[in-house]
Amino acid sequence: MPKLLLIEAMGNTGEYVFDAALDLGVEVIVVTHEDVYEKWYSPALKEKIRKDGKLVFTDFSDGEGALRQLRELARAEDVNGVVACWEFLTPLVARLAADLGLPGNDPSRALSCRNKRIMARAFAEQGVPAPLTVAARTVEEAYDLVRTAGLTYPIVVKPAEQSGSWGVSVVRGEDELAAAFTAAQAHLFQMPHGVPLDAHVVIQEYVGGVEFSIETVVARGVATPLFPYDKFTTEGAKRAEFGHTVPAELDEASVRTVQRAAVAAAHALGITNGVAHTELKLLPDGTTRIIELGARLPGDHVVALMRQARGIDEARIYVQVALGLEPSLAPTADSAAGIRFLTPPRGGTLRSVSGIGESGAVAESRLTVQPGGRVRAPGDNDSRVGYVILHAGTAAEVNAAAAEVLADVVIEVE
């Protein structure tokens, strides 16, 4: 039986990968930290691991120590593949796979898939169209770089290493830059593992157009882009994601343009065996700008949306590529699916969520914060209190149903 080392399975993608591996007849060894396992893993996933997998604890805040431990573990267990389901560990997994002679990404370029400062430099060197980017360590340096680079407002300010829209701001004038810089530099360790992060703050030109996401599968250096899908974000200074629709309604020429851009980005960052989640803008003139790329599966239950809409299971594909198998890329369905997140009007204590109407398009609705729980003010992806998943024949039908269902939702916070 093949063996897979699954590095950190605490999010929904980890459970999707665990299930896909079992379905393929693969033994799964889950690696996490004991505290993270106790506090962050769902009871359902804990039961699956207890019944059908193995569990190993390590300390990811000590990257070199974790690498040594996992190298010894993988050799002792005769592991056949390694995957990461937490993006902050993708550079470690690239190094581990290379050390073991297993399929993986280029370890010398793996940090460029995680660090937006290094990513921007790689895109520039490889000629991949992306926003003009500078990176600063201090507020004073930020002001100087904005002026010398010729950046004009609005600009985007973000941490070099973060996720979930944490610390990201659209800055519309010089008087807003200092506060945005401070917000971007506020979290220099990624919890819950305490992984140290780059203290640089990335400053980019603001790019107009429409934003999409797309997945790319790379096996033995051959990249296959899947289909673009909608990414919906809030307006204003903070740009948290509030939903996705799979696939996007785009003409064939635009689809091909987005796919070519995604493949170029994956090659530029050394994706040779794995998956790449790319976010990009399609401009009115038909050109693209790559916003960022992660060497990981998409979050936000997009794996489930893709499976429902097109019959493509990217978690299964990820396992197959990691094991050196031929990935299952052929679609088996032709419909659409979407997710919309429920966000409170302000931070505080959640009192109630009501008004999610009945609709034939609603496949699932769930609260992720129960009444009485504390909620964050809107501004990043961690402020969500629940979600609604929808399924219909076309993207237009999904979007119309989502608007109708959410129109009557009331979230009360005190």
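## Aromatic pairs

Rings of Phe, Tyr and Trp (its six-membered ring) count as a pair if their centres lie within 6.5 Å; planes under 30 degrees apart make the pair stacked, over 60 edge-to-face, and the rest tilted. By that rule, a search of the whole structure finds 4 aromatic pairs.

This is a predicted model, where local features need pLDDT of at least 70 and side-chain atom pairs count only at pLDDT 80 or more, while totals for chains, interfaces and linings use all residues. Residues are numbered from 1 along each chain as its sequence is written, and side-chain values use heavy atoms, leaving out hydrogens and water.

Let's start with Tyr-37 and Tyr-41: their ring centres are 5.1 Å apart and their planes stand at 55 degrees, so the pair is tilted. Both Tyr-37 and Tyr-41 are buried (under 20% relative accessible area with a 1.4 Å probe, protein chains only; exposed is over 50%, partly exposed in between).

## A stacked pair between strands

Phe-232 and Phe-242 have ring centres 5.9 Å apart and planes at 25 degrees, so this pair is stacked. Phe-232 belongs to strand E13 (residues 229-233) and Phe-242 to strand E14 (residues 241-246), so the pair ties together parts that are 10 residues apart in sequence. Strands here are DSSP runs (E, at least two residues), numbered from the N terminus. Phe-232 is partly exposed, at 24% relative accessible area, and Phe-242 is partly exposed at 32%.

## Charges over rings

A charge sits over a ring if NZ of Lys or CZ of Arg is within 6 Å of the ring centre and within 35 degrees of the ring normal. Lys-46 lies over the face of Tyr-37, 5.2 Å from the ring centre. Arg-114 lies over the face of Phe-88, at 4.0 Å from the ring centre.

Key: Helices (H or I, at least four residues) and strands (E, at least two) are DSSP runs, numbered from the N terminus.
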